[in-house]
Structures are given as C-alpha cells and as structure tokens.
Amino acid sequence: MMNYAAAQRNAAPILEALSQQVPRTASGHALEVSSGTGQHVALLARHYPALRWQPTELEPRLLLSIDQHTAGLTNVLAARRLDVAGDWAAQLPQLAAGSLRLLVNINMMHIAPWSCALGLLAGAGRSLAAGGVLVTYGPYAKDGTLSPQSNVVFDARLRAENKEWGVRDIRDLRQAAAPHGLKLHAEVDMPANNKLLVWKKC
Ligand SMILES: C[S@@+](CC[C@H](N)C(=O)[O-])C[C@H]1O[C@@H](n2cnc3c(N)ncnc32)[C@H](O)[C@@H]1O
C-alpha cells in the first residue's frame with residue numbers, strides 16, 4: 001500500500017471543506033479521477049457512506065494501492081484505469097451519462113497537460129446528474145495572477161519539468177467548463193495556498 005505525504009496532510013482539510021458543500025448524507029454514485037494511492041477515496045468513502053465510490057487512476061501500478069486502501073469498505077468499487085483526457089465512455093462503459101452525484105479530482109490539473117483539465121470538464125459535464133457537483137483541489141491562478149510567490153516558484157518548477165504542466169487559471173477553467181453545463185459555485189481557500197473549487201452541473 002502506497003502513501004503520499006501530501007495526501008496525508010490535505011485529506012482531512014479536504015473532507016472538512018467538502019462537507020460544507022455536499023452533505024455527508026448524500027447518496028448515489030461518486031467517482032474520483034486520478035485517485036493516486038487511494039488515500040483520499042478511502043477517507044471520503046468512510047465519511048460519505050451512502051455514496052457508492054468508483055476510484056480511477058491513469059497509472060496501472062497505483063490500482064493495487066487504491067484497492068488496498070479501500071479494502072473492507074463496502075461502498076467502494078475496485079479501482080479502474082481512466083485516462084481523463086481519453087474517451088470516458090470507452091474506458092468506463094458502466095458509467096452512464098447523468099449518473100453521478102459527485103466527482104472528485106485532487107491535485108491533478110497542474111501536474112498534467114491542459115488536455116486533462118479539458119477532459120475532466122467534458123467528462124464531468126457528461127456524467128454528472130443535474131445539480132451534481134465536481135470538486136477540484138490544488139493551486140490556482142485567478143484572473144491572470146498567481147500568488148503567493150511560493151506558488152509562482154512551484155509553477156515555474158512544474159513548467160521546467162514538463163512544458164505541458166502548470167498551474168491553471170480559474171478564468172480559463174470557467175470558460176472551458178461553461179459549454180459542458182458546469183458553473184463555478186464556490187471557491188474555498190485551503191491550507192498551503194491551495195483552493196477547493198466547487199462546480200455545479202446545471
Ligand atoms: C500529484 S498526483 C495526485 C494523486 C492524488 N489525487 C493525490 O492527491 O494524492 C497526480 C495524479 O494525476 C494522475 N494523472 C496524470 N495524468 C492523468 C491522466 N491523463 N488521466 C488520469 N489521471 C492522470 C497521475 O497518475 C497522478 O496519480
């Protein structure tokens with residue numbers, strides 16, 4: 001079973017912030033994109049017992065770790081591989097359009113090409129039910145400004161490592177989300193200069 005230190009640190013604050021947006025009694029289907037080690041979905045599933053969770057991840061080597069973290073949780077399905085920038089219907093044929101109450105994506109958008117952010121928004125637009133919620137977590141720029149300096153340095157480091165990576169701007173995300181029926185509903189400041197963005201499907 002793998003563990004990321006960052007996920008260990010941010011899991012509880014994310015749960016706390018999410019609880020202010022989506023009641024713990026919420027029921028139906030939830031999906032996580034880029035579940036990583038599985039630490040987040042394991043915590044969220046324990047605190048949202050009436051949601052049936054589908055973890056997904058690009059890296060096949062992480063699928064086992066996710067399943068180990070969620071072992072014994074009856075409301076979590078076996079992890080499935082999903083390239084968020086690919087065709088969701090082909091990769092997850094069991095995921096019906098308009099079937100999700102909640103979609104979660106933590107710390108992916110800036111460590112992946114822009115096509116992944118676009119894929120996430122398109123997939124969310126297709127698979128969320130009306131009134132369903134997409135939450136995305138990470139560092140974000142706002143209206144062309146990235147702050148504080150530590151996020152500017154982080155962004156430069158990401159772009160040096162991979163020119164397709166980088167901190168995304170909320171303005172660009174709002175524009176990209178609109179054609180998919182997604183509206184930014186809340187922007188919650190989180191520890192370490194991160195934000196939890198709450199998107200609602202109209
Ligand atoms: C920084 S890790 C975050 C993992 C986990 N969400 C967390 O917070 O611990 C970034 C994740 O994005 C995933 N990722 C990168 N490209 C992806 C893609 N095209 N589709 C789905 N996931 C992707 C990686 O495999 C990795 O698990």
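These legends go with several close-up views of one predicted model.

Numbering starts from 1 along each chain, as its sequence is written. Because the model is predicted, local features need pLDDT of at least 70 and side-chain atom pairs count only at pLDDT 80 or more, while totals for chains, interfaces and linings use all residues.

**View 1. The whole protein chain.**
The protein chain holds 7 helices and 9 strands. Its radius of gyration is 16 Å, close to the 17 Å that the globule rule gives for 202 residues, so the chain is as compact as a globular protein of that length. That radius is taken over C-alpha atoms, and the globule rule is 2.2 Å times the number of residues to the power 0.38. Helices (H or I, at least four residues) and strands (E, at least two) are DSSP runs, numbered from the N terminus. Along its principal axes, the C-alpha trace spans about 45 × 35 × 35 Å. Of the 202 residues, 39% count as buried. A residue is buried if 20 or more other C-beta atoms lie within 10 Å of its own, exposed if 12 or fewer, and partly exposed in between, with C-beta atoms placed from the backbone. Among contacts with a separation of 6 or more, 70% join residues 24 or more positions apart. Contact means that two C-beta atoms, placed from the backbone, lie within 7 Å.

**View 2. The surroundings of the ligand.**
How many residues surround the ligand? There are 19, and the closest are Ala 7, Ser 34, Gly 36, Leu 58 and Val 84. The shell divides into 12 nonpolar, 4 polar and 3 charged residues. Ala, Val, Leu, Ile, Met, Phe, Trp, Tyr, Cys and Pro count as nonpolar, Asp, Glu, Lys and Arg as charged, and the others, Gly among them, as polar.

**View 3. Strand 1 and its two partners.**
Strand 1 covers residues 28–33. Of its 6 residues, 5 are buried. Strand 1 runs parallel to strand 4, with 5 bridges. Strand 1 also runs parallel to strand 2 (residues 51–57), again with 5 bridges. Strands pair if DSSP finds at least two bridges between them. Glu 32 stands opposite Val 104 in strand 4, and its bridge partner in strand 2 is Pro 55. Leu 31 has Leu 103 as its bridge partner in strand 4. Strand 1, helix 2 (residues 39–47) and strand 2 make a right-handed β-α-β unit. Right-handed means that, with the strands pointing away from the viewer, the path from the first strand over the helix to the second runs clockwise.

**View 4. Strand 4 beside strand 5.**
Is strand 4 (residues 100–106) mostly covered or mostly open? It is mostly covered: 7 of its 7 residues are buried. Strand 4 and strand 5 (residues 128–138) run parallel, joined by 6 bridges. Asn 105 stands opposite Thr 136 in strand 5.

Strand 9 (residues 194–201) is mostly covered, with 6 of its 8 residues buried. Strand 9 pairs with strand 5 in the antiparallel sense over 6 bridges. Here, Gly 138 has Lys 195 as its bridge partner. Strand 8 (residues 182–190) also pairs with strand 9 in the antiparallel sense, over 8 bridges. Leu 182 stands opposite Lys 201. The hairpin of strands 8 and 9 has 3 residues between the strands, and Ala 192 takes a positive phi near 60 degrees.

Key. A residue is near a molecule or strand if its C-beta atom, placed from the backbone, lies within 6 Å of it.
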